[in-house]
Amino acid sequence: MRWKGMIVWTLAAGLLATGCASKKYVREEVGRETAAVHTRVDTLQGQVEATQTKVREHDEQIAQVSKTAQEALQRAQEAGKLAEGKLLYETVLSDDKVHFPFDRSALSDEARAALDTFAQPLVGDNQNIYIEIQGHTDSVGSDQYNNDLGLERAEAVRRYLNMQHHIPLHRMAVISYGETAPVTDNKSRDHRSQNRRVVLVVLK
C-alpha cells in the first residue's frame, strides 16, 4: 500500500508541474501575441498618420493651385480692362530726366517727385482709371537680365504709387519690354539713357 501512495504522490506532483508549465507557456504565448498585436497596431497607426499627412499635403496643393488660378484670372481680367480702356494720356519717366540709378530699380528723389506730380490729379479727381506701367531698358546686358530689370523698375513705381498715393494695386498692371522697344538706338550714352525709362499709360 505504501508504494501505491508513493505512485499517487508522484503522479500528483507531475500533474502539478505540468500545470505550472502549461500556465507559463500560456503566459508566454499571450505575451508574444500581445506584443504582436501592439506591433500591428503601431504599424497601422503609422500608416494612418502617413495617409493623413499625404491628404493634408494634397489639400494644401489643391488650395495653392486654386489660389494661383484665381490670381491668374484676376490678372487676366485686369489686363482685359486695360486692353479695353480708352487712352487718356501717358507719362514717361526716362533715365536722363529722373535719374534712375544705373543698373538698379530703386527710385531716385527725382523719380519720386515726378510720380507725386503724376498722381496728384488722379487722386484729387478720384477718377476710375487704370494704369499700365511699362518698364524699358537699354541694350546693355542679356535679354533676360534687361527683361527682369525693366519689370523691377515697373514694380518699384507700382509699389510707390500704392504706398504713397493709395492707388489700388488692382488698378495698376506692370509689364516689362526690356530692351525690345527702344525710342532711339543704343549707340551713345545719351541715347541709352533715353531708352532706360518707365512709361505710365493712363486709361479709363
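This is a predicted model: local features need pLDDT of at least 70, side-chain atom pairs count only at pLDDT 80 or more; totals for chains, interfaces and linings use all residues.

Residues are numbered from 1 along each chain as its sequence is written, and side-chain values use heavy atoms, with hydrogens and water left out.

pLDDT is the predictor's confidence in each residue, from 0 to 100. The protein chain averages 75, and 59% of the residues score at least 70. Confidence is lowest in helix α1, residues 2-84, with a mean of 58, and highest in α4, at 93. Helices here are DSSP runs of H or I with at least four residues, strands are runs of E with at least two, and both are numbered from the N terminus.

Now the sheet. Four strands make an open, mixed sheet in the order β1-β4-β2-β3. Two strands count as paired if DSSP finds at least two bridges between them. The edges are β1, 87-94, and β3; each has a single partner strand, so one side of each has no neighbour in the sheet. On average, neighbouring strands are turned by 20° against each other, direction ignored. Axes are lines fitted to C-alpha atoms, for helices over the stretch in contact, and angles run from 0 to 180 degrees between N-to-C directions.

Helix α4 packs on this sheet and touches β2, β3 and β4, contact meaning heavy atoms within 4.5 Å. The direction of α4 makes about 155° with that of β3.

Take β2, residues 130-136. Buried means under 20% relative accessible area, exposed over 50%, and partly exposed in between, with a 1.4 Å probe and protein chains only.

β2 pairs with β4, residues 197-203, in the antiparallel sense over seven bridges. Within that pairing, E132 has V201 as its bridge partner, and G135 has V198. With β3, residues 172-178, β2 runs parallel, joined by six bridges. There, H136 stands opposite G178. Between β2 and β3 the chain passes through α4, residues 143-165, in a right-handed β-α-β crossover: with the strands pointing away from the viewer, the path from the first strand over the helix to the second runs clockwise.

Last, A113, which sits in helix α3, residues 109-125. A113 counts as partly exposed, because its relative accessibility is 39%. Its C-alpha atom is 8.6 Å from that of V98, 15 residues away along the chain.
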